[in-house]
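Trainee: I would like to learn how to read helix packing and ligand shells from a set of coordinates. Could we work through an example together?

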Amino acid sequence: MATAHIAAQPGDFAPAVLMPGDPRRAQRIAEAILHSPRLVTDVRGMLGFTGTVDGRPLSVMGSGMGQPSCTIYATELFGQFGVERIIRVGTAGGIAEQVEVGDVVIATGAHTDSSMNQLRVPGVHFSAVADFRLADAAWRAAQNPASGIRGRVHAGTIISRDHFYLTPEGQTERLARYGTLCVEMEAAALYGVAAEFGTQALAVLTVSDHLLDHSKDMSSQDRETRFQDSLTLAVAAALS
Ligand SMILES: O=P(O)(O)O[C@H]1O[C@H](CO)[C@@H](O)[C@H]1O
Ligand SMILES: O=c1cc[nH]c(=O)[nH]1
């Protein structure tokens with residue numbers, strides 16, 4: 001039962017999927033945390049793996065960059081492959097002053113400048129929010145010393161932008177005033193797809209750079225590899 005973008009069979013995906021934007025990060029995560037990972041799809045190089053963690057099935061699959069790409073994969077996983085929860089594990093740019101490079105953000109809600117969720121309920125400004133149970137599980141894992149979290153963890157609102165390079169003047173500073181923690185490019189759409197299917201979604205983000213202070217930004221290699229804390233929280237949520 002392959003779909004247009006996923007060449008897998010029924011049962012190939014676990015009920016919970018970790019979803020980074022970068023398919024190479026999906027492979028690294030699969031190799032790092034899954035017991036007996038097997039490749040279940042590679043259409044367009046968007047790698048998906050399934051294995052087990054502590055004897056429980058778990059999948060990892062890339063989403064690509066941006067809300068349209070993430071929406072395609074999330075829609076097919078929820079709609080065709082029996083997936084019940086998707087936890088995005090991505091990088092983000094810091095916006096709030098208290099958020100530093102290397103910190104982790106549990107995205108409880110996502111503002112957006114995208115039109116994708118506007119099309120869902122005509123005349124309504126859709127609220128793109130994380131599943132409370134997943135967010136609570138990630139937050140509780142962050143507070144538990146046994147989890148081994150080394151850095152700081154924040155929970156709150158983020159923004160999912162369509163543009164990586166084009167930002168209206170003053171928008172970032174205004175978002176900071178409204179308590180927005182960081183910016184990435186997928187969570188709002190992912191939360192919208194989960195609402196459509198009555199399933200669960202969460203984004204756990206590693207801050208790779210800061211929009212208002214670039215002095216400590218990560219290299220592109222660090223962006224691919226420095227995600228241990230967010231991964232720990234994402235797995236805790238996925239298997240909760
Ligand atoms: O690191 P990932 O998960 O790709 O997430 C962030 O990085 C990409 C931009 O560099 C966008 O996809 C953004 O959301
Ligand atoms: O979308 C993103 C992701 C990481 N860093 C940014 O500045 N923006």
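Predicted model: local features only at pLDDT ≥ 70, side-chain atom pairs only at ≥ 80, totals over all residues.

Trainee: Happy to start with helices. At what angle do helix H2 and helix H5 pack, and how far apart are their axes?

Mentor: Begin with the two axes. Helix H2, residues 67–80, and helix H5, residues 187–197, have axes 9 Å apart and pack at about 25 degrees. Angles under 35 degrees count as roughly parallel, so H2 is roughly parallel to H5. Their crossing is right-handed.

Trainee: Which residues make that contact?

Mentor: H2 brings Gln67, Cys70, Thr71, Ala74, Thr75, Phe78 and Gly79, while H5 brings Ala188, Ala189, Leu190, Val193 and Phe197. Sorted by class, the contact of H2 with H5 has eight nonpolar, four polar and no charged residues.

Trainee: And how are helix H3 and helix H7 arranged?

Mentor: H3 covers residues 132–143 and H7 covers residues 228–238; the angle is about 130 degrees and the axes are 8 Å apart. H3 and H7 are therefore oblique to each other. H3 passes H7 in a right-handed crossing. From H3, the residues Leu134, Ala137, Ala138, Ala141 and Ala142 meet Thr232, Leu233, Ala236 and Ala237 of H7. The contact of H3 with H7 divides into eight nonpolar residues, one polar and no charged.

Trainee: Let me pick one residue there. Is alanine 142 buried or exposed?

Mentor: Count the C-beta atoms around its own; 20 or more within 10 Å count as buried. Alanine 142 has 21 others within 10 Å, so alanine 142 is buried. This residue sits in helix H3. Apart from neighbours within four places in sequence, alanine 142 is in contact with Ser147, Ile149, Val153 and Leu233.

Trainee: Now the ligands. Which residues are around ligand 1?

Mentor: For a shell, list the residues, then sort them by class. Ligand 1 has Pro20, Gly21, Asp22, Met65, Gly90, Thr91, Phe164, Glu184, Met185 and Glu186 around it. That shell has four nonpolar, three polar and three charged residues.

Trainee: Which residues are around ligand 2, and which element gives the largest share of its shell?

Mentor: Around ligand 2 are Thr91, Ala92, Gly93, Phe164, Val183, Glu184, Met185, Ser208, Asp209 and Leu211. Strands E5 (85–94), E8 (182–184) and E9 (200–210) each give two or more residues to this shell. The largest share, three residues, comes from E5. By class, the shell around ligand 2 has five nonpolar, three polar and two charged residues.

How values were computed
Residues numbered from 1 in each chain as written. Chains lettered and ligands numbered in written order. Near = placed C-beta within 6 Å. Nonpolar A, V, L, I, M, F, W, Y, C, P; charged D, E, K, R; others polar. Axes fitted to C-alpha atoms, helices over the stretch in contact; angles between N-to-C directions. Helix = DSSP H or I, 4+ residues; strand = E, 2+ residues; numbered from the N terminus. Parallel < 35°, antiparallel > 145°, perpendicular 65-115°, else oblique. Left-handed = near helix turned anticlockwise from the far one by under 90°. Contact = placed C-beta atoms within 7 Å. Buried ≥ 20, exposed ≤ 12 C-beta atoms within 10 Å, placed from the backbone.
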